[in-house]
Amino acid sequence: QVQLVESGGGLVQTGGSLRLSCAASGRTFETLTMGWFRQVPGKEREFVAGISWRRGSTTPYYADSVKGRFTISRDNAKNTMYLQMNSLKPEDTADYYCASSSTWYGGGVQRTTQYDSWGQGTQVTVAS
């Protein structure tokens, strides 16, 4: 079982930036595909970004709504994943969740059912 802890959420003005972190423990981090999701009350949890690692190479992928504004990265030596969020918009307001998948799908892992461990979430609020 993987334990995931997010941090870095908060309140920011439109156009501002935040960096979320996700610290993982309980399994060899480099074997995990990692992802960020977000959820607002009354809506389904939606994919934001994911990153896989294989043979020394990382592969990031993004939801269309955040491409060009968000950057996902990972530091396998620190067992940590990051989400740099720039040019934030009010519609980015949500609870953000870190997730890990112990199954290798070959990239493009975007469905919540493909992830088997989740963090507790961190709140991001973008004020207009």
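Reader: Which residue stands opposite Q13 in β11?

Author: Q13 stands opposite A127 in β11. Please keep in mind that this is a predicted model, in which local features need pLDDT of at least 70, side-chain atom pairs count only at pLDDT 80 or more, and totals for chains, interfaces and linings use all residues. Residues are numbered from 1 along each chain as its sequence is written, and side-chain values use heavy atoms, with hydrogens and water left out.

Reader: What makes strand β2 and β11 a pair?

Author: Strands, which are DSSP runs of E with at least two residues, numbered from the N terminus, pair if DSSP finds at least two bridges between them. Strand β2 (residues 10–13) and β11 are joined in the parallel sense over 4 bridges, so they pair by that definition.

Reader: How do you know that strand β9 pairs with β11, and in which sense do they run?

Author: Strand β9 (residues 94–101) is joined to β11 by 3 bridges, and the two run antiparallel; because at least two bridges are required, this counts as a pair. The bridge partner of Y96 in β11 is T122.

Reader: Why are β1 and β7 called edge strands?

Author: An open sheet is formed by 4 strands in the order β1-β3-β8-β7, with antiparallel pairing. The edge strands are β1 (3–7) and β7 (70–75), each of which pairs on one side only. For β7, the pairing with strand β8 (residues 80–85) is antiparallel and runs over 6 bridges, and D75 stands opposite T80 in β8.
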